[in-house]
Amino acid sequence: MRSTLLLIFSFLIVSSSYGQEYIDEEALFMKLVNQVRSPDFKLEELTKVYETVHLDKKNKIVDVKTISPRKKKLSKKEVFKTNKANIYRFVKIFLNENTGARTIDNAATSFPISEDGYFCVNHHMVDIWNAGSGDPEAVDRSVYYFLTDFEGNILPIDPVCSYNEQTDVAIIKANTKGKKIEAFPLGNELETGDDVFIIAHPKSYLYYFSAGIVNRMTQNKDNIFSRKMEISADFAAGSSGGPIFDEFGNIAGIVSLTQSLYYHQQKQQSLQMVVRQTAPVSVIKALIKK
């Protein structure tokens with residue numbers, strides 16, 4: 001009897017270890033580094049965004065074919081496992097000052113809202129190109145960015161399709177090279193107290209999963225682009241543009257910024273709490289053709 005129980009216990013331990021997937025950040029990093037340093041890597045494919053990014057796309061309505069929302073409630077584990085592989089990294093390429101070799105840095109997070117390559121990011125990320133400046137010469141052409149998924153597939157960005165600075169949301173189009181990608185459905189507006197989940201890349205802690213609730217929803221008068229959704233789920237720099245999921249795995253919003261509240265605010269002494277500010281899904285929908 002004792003030996004039988006030991007065998008069962010051992011099986012459970014092994015099964016548990018097989019069920020949990022471990023994120024190998026170094027392997028994910030080096031896979032991209034090896035790609036961008038390969039002689040076959042075409043850096044010019046990342047420059048097409050320069051051609052039109054200076055054009056004014058503020059509040060432009062984009063014709064995006066979204067997919068139907070999910071109706072089956074998911075467990076927390078299912079929210080992560082179902083969506084993790086399609087959370088994209090917004091990656092910067094630069095030259096190492098010491099070696100002169102190309103290397104990469106995870107700059108932000110992004111997620112697809114259509115199978116043909118429309119993605120959501122923050123406005124402050126497309127602003128790295130001075131998006132909408134009206135001046136083609138104002139574009140910083142020394143900065144290269146791309147999107148990549150969990151498998152290391154690289155997608156060039158072209159073009160910036162729409163944005164709103166106030167709500168910190170932008171829609172970009174990636175070159176999927178004719179390949180259909182898995183997209184996330186846009187869900188319904190949440191209410192204060194509803195559960196929320198984030199998968200993002202804070203400070204390059206890749207595929208970090210956090211959970212919380214909606215703390216507060218705010219809006220100035222009838223301005224939909226002033227809407228904010230404050231949540232308790234953790235995020236930090238690098239999470240910018242990360243998807244916020246509801247209990248069905250639908251998009252409920254997009255990560256934006258944090259505001260630290262101090263007892264002595266001007267001196268920034270005695271931190272008391274951090275307000276985590278996001279944009280609700282209705283703001284994304286406001287930039288999409290109905």
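The chat below goes through salt bridges in a predicted model.

Q: What should I know about the model and the numbering?
A: This is a predicted model, where local features need pLDDT of at least 70 and side-chain atom pairs count only at pLDDT 80 or more, while totals for chains, interfaces and linings use all residues. Residues are numbered from 1 along each chain as its sequence is written, and side-chain values use heavy atoms, with hydrogens and water left out.

Q: How many salt bridges in the whole structure?
A: Eight. A salt bridge here is a side-chain nitrogen of Lys or Arg within 4 Å of a carboxyl oxygen of Asp or Glu.

Q: Which residue does Glu45 pair with?
A: Lys177, at 3.4 Å from N to O.

Q: Why does that pair tie together separate parts?
A: Because Glu45 is in the loop between α2 (25-36) and α3 (76-83) and Lys177 is in the loop between β6 (169-174) and β7 (195-200), parts 132 residues apart in sequence. Helices (H or I, at least four residues) and strands (E, at least two) are DSSP runs, numbered from the N terminus.

Q: Is Lys177 buried or exposed?
A: Exposed, at 55% relative accessibility. Glu45 is partly exposed at 34%. Buried means under 20% relative accessible area, exposed over 50%, and partly exposed in between (1.4 Å probe, protein chains only).

Q: Switching over, what does Glu247 bridge to?
A: Lys73, with the closest N and O atoms 3.5 Å apart. Glu247 sits in the loop between β10 (243-245) and β11 (251-264), and Lys73 in the loop between α2 and α3, 174 residues apart.

Q: And which residue does Glu189 bridge with?
A: Arg227, with the closest N and O atoms 3.8 Å apart. Glu189 is partly exposed at 33%, and Arg227 is partly exposed at 25%.
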